[in-house]
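Here are a few friendly notes to read alongside the model. Take them one at a time, with the structure open beside you.

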Amino acid sequence: MARVYNFSAGPATLPEEVLKTAAAEMLDYHGCGMSVMEMSHRSAEFKGIIEEAESDLRDLLAIPDNYKVLFMQGGGTLQFSAIPMNLLKNGTADYIVSGSWSKKAAKEAKKYGTINVIGSSEDKNFSYVPDVDTLTYTPDADYVYICQNETIYGTTYHKLPDTGSVPLVSDVSSMFLSEPMDVSKYGVVYGGVQKNIGPAGMAIVIIRDDLIRDDIDPKTPVYMTYKTQADKGSLYNTPPCYTIYICGLVFKWLKAQGGLAGIGERNHKKAALLYDYLDQSKLFTPTARVEDRSIMNVPFITGDADLDAKFVAEARENGIANIKGHRSVGGMRASIYNAMTIEGVQALVDFMERFEKENA
Ligand SMILES: *Cc1c(COP(=O)(O)O)cnc(C)c1O
């Protein structure tokens with residue numbers, strides 16, 4: 001068996017230790033004689049799994065007591081609708097559009113209220129994050145929305161907008177649990193889990209209690225009502241049981257890596273290794289503005305589409321998979337999530353050096 005270095009943006013690489021535990025527990029979870037896929041979501045075993053997952057996540061992020069954790073199906077995208085449906089009260093919200101994901105979220109939210117796009121970096125193909133200090137915020141907005149790490153363009157907010165008493169809502173799908181974050185600065189933090197935490201099929205929503213309301217439009221689908229999900233502990237209906245189980249294993253793995261401080265230090269080292277190489281390379285050019293660079297998604301180009309294609313093909317022959325960039329940026333993208341090892345990034349850099357010499 002030869003596992004490749006998988007630089008996919010998502011679904012993405014998972015820690016090998018976690019996959020091995022899942023394999024070992026596949027037929028018989030902790031002596032109950034069945035797999036997690038086969039057990040009732042009302043069973044004592046599953047209750048243990050979901051409660052432990054939530055409590056480990058709370059430990060990792062130091063989630064304050066006045067925040068609920070919801071496990072919801074529908075990935076990141078369903079939250080583009082759930083957020084305005086649950087949070088619009090005055091009927092208006094501010095969105096900062098720094099890439100495709102925040103653009104999609106704003107477009108969806110427009111179905112439900114007055115959405116002000118107060119900042120955008122589309123003029124330069126989303127290669128930077130708008131300066132949050134120079135934007136005009138709407139005083140009676142119900143929330144301000146950002147996508148904190150734009151997966152396709154490889155940009156991150158290194159400074160959060162100061163929204164005063166207006167809740168900040170952040171899509172952290174592609175940076176979830178990559179380093180410590182202060183949850184108390186947000187009204188809602190959410191993300192699809194298939195980028196940095198687990199298998200596809202779920203979003204984790206961390207929401208401050210006072211934003212969970214029961215006076216929302218009664219036509220809101222029951223599944224998408226945060227109040228229902230919170231009251232029922234994400235067990236209103238059958239949750240994505242197996243995905244929750246794998247996420248729980250990943251939380252334990254993260255704790256064993258020294259928590260978010262430990263993994264964050266490693267992630268910064270990995271990113272520095274790659275950016276240091278890219279910055280001195282004469283062949284490859286990273287596309288995101290230096291100040292806004294993501295430590296998770298690193299897009300880069302040669303400027304020659306044929307050479308890019310050659311790189312992607314030869315990389316694959318060298319055990320480096322899913323390095324092709326998104327079509328809206330072109331070139332390559334290395335997603336170096338938590339489960340990507342330093343050896344994996346080193347293997348990529350070594351290969352790039354070789355490729356650069358051969359194609360100079
Ligand atoms: C992938 C992604 C999404 C969409 O996630 P789905 O689970 O496919 O709906 C949303 N936001 C960001 C930042 C993403 O990277």
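How many salt bridges are there between domain 1 and domain 2?

1. The count between domain 1 and domain 2 comes to zero salt bridges. Please keep in mind that this is a predicted model. What the rule does find across the interface is polar contact: 22 residue pairs.

2. Now for the two parts themselves.

3. Next, have a look at where the domains meet. On one side, 27 residues of domain 1 take part, and they are in contact with 28 residues of domain 2. Between them, the two domains bury about 2200 Å², with 52% of that on carbon and sulfur atoms.

4. Which elements give two or more residues to the side of domain 1 that touches domain 2? They are helix 2 (44-61), strand 7 (155-156) and helix 6 (241-256). Helix 6 gives the most, with four residues.

5. Finally, consider the kinds of residue on the side of domain 1 that touches domain 2. There are 13 nonpolar residues, eleven polar ones and three charged ones.

Definitions and conventions:
Residues numbered from 1 in each chain as written. Predicted model: local features only at pLDDT ≥ 70, side-chain atom pairs only at ≥ 80, totals over all residues. Heavy atoms only, no water. Contact = heavy atoms within 4.5 Å. Buried area = accessible area lost by both parts, 1.4 Å probe. Salt bridge = Lys/Arg side-chain N within 4 Å of Asp/Glu carboxyl O. Polar contact = N/O pair within 3.5 Å; in protein donor to acceptor, adjacent residues only side chain to side chain. Nonpolar A, V, L, I, M, F, W, Y, C, P; charged D, E, K, R; others polar.
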